Amino acid sequence: MSREEVYEKLNEVFRDVFDDEEITVSDETTAADIEDWDSYEHINLIVAVEEAFGMKFSMGKTTGMKNVGEMVDEILRQAG
Amino acid sequence: MKELEYPFDAEAILRKRKKLRRSLMEDGSKRMQKRIAVLGGSTTHDIVSVLELFLLDAGIEPVFYESDYGQYWNDVMFDNPELAAFAPELVCIHTTTRNILRFPEIPDDAAAVEGLLEETYQPFVQLWEKIAQRYHCPVIQNNFQEPYFRIMGNRDAYDIHGRVHFVQALNERFHAYAASHDNFHICDIHYMASCYGLQKWSDPFYWHMYKYEPAVPAIPEFSYNLAAIIKSLYGKNRKVLALDLDNTLWGGIVGDDGPENIEIGQETSVGQLYSEFQAYIKAQKDLGVLLCVDSKNEEENALAGLSRPDSVLKPEDFVMLCANWEPKDKNLQEMAEVLHLGIDAFVFVDDNPAERHIVREQLPGVAVPEIGQPQDYLITLDRSAFFETTVLSQDDRKRSEMYRANAQRRQMEAAFTDYGAYLDSLQMEAEIGAFSPVYMSRIAQLTNKSNQFNLTTKRCTQAELERYAADPACITLYGKLADRFGDNGVVSVVFGHQEDAVFHIDLWLMSCRVLKREMEYAMMDVLEEKCRQRGIRKIRGYYYPTAKNKMVKEFYGLQGFARVSEDDAGNAVWVYEIKEATKKRTAHIQIREAGA
């Protein structure tokens with residue numbers, strides 16, 4: 001899976017979870033950039049991303065990822 | 001909404017719930033509003049947001065109060081002012097095995113374990129009693145799921161030190177409380193967790209990471225089950241199973257194969273599967289669900305299939321049998337008319353996806369489950385929870401008989417030219433009296449589900465009705481009607497309150513099963529007499545139109561009231577002056593006043 005492919009799928013997940021067709025995320029995107037991205041929505045987002053890519057993030061990763069770029073790194077690492 | 005019907009895609013619901021919510025809110029349907037407090041022993045955010053979807057889909061618009069994390073007990077016991085101001089109409093207590101603070105330890109003796117059980121159980125009893133006394137509203141309480149690990153392995157189930165044993169003992173206490181208290185309902189997460197798979201349900205990741213129990217992926221399953229209880233409490237249950245025959249109630253096609261060759265009974269594995277399904281349907285009938293046949297068949301073939309000695313369901317189990325070549329949606333409409341039920345009372349069960357599609361398109365109010373393969377039929381119906389039984393009254397058990405008796409009455413009616421003579425021939429006897437405890441559950445049930453013959457459509461919980469019954473300013477009346485064909489049970493509920501010399505009718509409803517029997521006259525005669533005895537001079541009646549109660553628009557006019565006002569929306573006020581003596585309205589019913 002290429003980084004672009006990951007982003008394509010990831011954007012769909014973000015658009016569904018935040019119900020906003022305009023969202024396009026990038027490496028630098030953080031919770032501060034998306035209005036509804038609070039701690040509850042973070043849980044829902046993580047679960048949706050895990051389901052979409054068929055993988056699980058560790059507890060450390062779940063709280064430790066600083067931006068979307070780190071999430072993509074982790075997805076690519078697990079997809080290996 | 002298809003996405004929210006069982007079997008649903010839980011992942012899609014979680015991911016797309018904002019969009020789902022938006023389209024539900026924009027669909028323009030009218031919904032009843034309910035204030036629901038969810039008091040959690042764990043995070044409840046997602047539970048509430050998914051629960052909202054299922055309730056919106058069922059015509060209920062919830063407003064939620066959510067306790068802060070883990071505050072389920074404190075909020076109630078220390079009268080959190082926010083909760084008090086919210087004034088819940090329903091309280092759901094979301095606690096789980098994670099909220100059991102102490103489990104038995106190996107050195108404990110039997111008395112210590114018993115003590116620990118009480119120490120765990122009693123705070124819940126205090127909580128429930130406080131809610132009943134403070135908020136007078138129904139409570140839905142989770143029981144406990146099995147622990148997800150066993151200290152002693154299999155011994156955990158029976159040794160007093162075992163956690164499995166401890167949870168079972170607690171659940172027994174919870175269930176005994178539920179069995180002996182109205183207005184208290186168990187949300188059986190013990191069962192749900194085992195259906196879902198305990199290990200996934202209680203995945204410790206979600207507890208330690210987010211304080212969620214059950215795990216986030218299991219939340220739609222949990223919320224659907226909870227929504228079923230709430231829907232049932234607010235009268236949103238379905239009432240009728242309209243069933244196809246060939247390859248739905250038996251294997252094969254009776255018209256082609258002949259009744260001797262269809263698969264039912266114990267001879268083949270397919271026959272056994274259908275027999276189990278039929279036995280399930282029969283048990284639903286015993287609970288008060290009405291059964292109808294909606295099948296493309298010659299009637300004689302349909303009857304021949306159902307008359308096989310090894311068919312669990314017999315022709316007389318069905319209140320209506322539509323075996324013909326009409327479109328199935330047309331048959332359903334006819335059933336709704338004859339049975340005086342809304343189309344949204346029906347569940348249509350058919351193995352043929354094309355038939356399901358047509359009914360879904362033509363009659364969007366009908367529930368049309370995707371029942372899958374024959375081995376899935378039973379589970380799909382069961383888990384869809386169309387008939388969740390929160391209240392089980394005598395009447396439910398007798399409902400089928402009553403509907404069949406109605407069909408007999410209609411035949412007899414056809415034989416009379418004079419309607420009054422027909423009514424006399426029924427030898428009707430009414431029992432009318434103030435709300436009494438034996439009938440309370442039936443009174444609450446009627447109050448929450450009657451739509452058509454209902455002047456104000458005021459919904460009340462059983463606890464509220466009990467308060468009206470005890471209030472000296474109120475007059476409450478129930479009416480039972482029996483005739484030569486059988487007892488219809490409680491069919492009418494009326495109550496109102498007195499202000500000075502004026503009586504206001506807050507609720508007037510009657511079951512459509514006794515339409516045109518003059519039971520409303522009998523109720524009004526008794527009400528008028530009760531008012532007269534209290535020195536009341538005027539009775540005011542109110543009519544509030546809904547989508548379903550047009551039939552009673554002129555009701556008060558027929559009872560001798562005069563219309564004093566009506567606004568643009570059709571809300572009308574009627575008034576009746578009580579005179580010294582009046583001619584009784586009732587001409588064909590013997591009235592017996594209960595407790596008089």
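**Figure 1. Pairing of strands β6 and β7 in chain B of a predicted model.** Strand β6 (residues 240–243) of chain B and β7(B) run parallel and are joined by four bridges; two strands pair if DSSP finds at least two bridges between them. B:Leu243 stands opposite B:Val293 in β7(B). Helices (H or I, at least four residues) and strands (E, at least two) are DSSP runs, numbered from the N terminus. Residues are numbered from 1 along each chain as its sequence is written, chains are lettered from A and ligands numbered from 1 in the order in which they are written. In this predicted model, local features need pLDDT of at least 70 and side-chain atom pairs count only at pLDDT 80 or more, while totals for chains, interfaces and linings use all residues.

**Figure 2. Strand β7 of chain B and the crossover to β8.** Five bridges link β7(B) to strand β8 (residues 320–324) of chain B, and the two run parallel. B:Cys292 stands opposite B:Met320 in β8(B). From β7(B) the chain passes through helix α13 (residues 299–306) of chain B to β8(B), a right-handed β-α-β crossover (with the strands pointing away from the viewer, the path from the first strand over the helix to the second runs clockwise).

**Figure 3. Burial of strand β7 in chain B.** Seven of the seven residues of β7 (residues 290–296) of chain B are buried, so the strand is largely enclosed by the rest of the structure. A residue is buried if 20 or more other C-beta atoms, placed from the backbone, lie within 10 Å of its own. B:Leu290, B:Cys292, B:Asp294 and B:Lys296 point one way, and B:Leu291, B:Val293 and B:Ser295 the other way. Of the 596 residues of chain B, 42% count as buried.

**Figure 4. Domains 1 and 3 of chain B.** An automatic or database domain assignment divides chain B into domain 1 (2–233), domain 2 (240–384) and domain 3 (415–593). The centres of domain 1 and domain 3 of chain B, taken over C-alpha atoms, are separated by 39 Å. Seven residues from domain 1 and eight residues from domain 3 of chain B form the contact (C-beta atoms, placed from the backbone, within 7 Å).

**Figure 5. Contact between chains A and B.** In this view, 12 residues of chain A are in contact with 13 residues of chain B. On the chain A side, α1 (3–17), α2 (39–53) and α3 (59–64) each supply at least two residues, and the largest share, six residues, comes from α2(A).

Notes. A residue is buried if 20 or more other C-beta atoms lie within 10 Å of its own, exposed if 12 or fewer, and partly exposed in between; C-beta atoms are placed from the backbone. Two residues are in contact if their C-beta atoms, placed from the backbone, lie within 7 Å.
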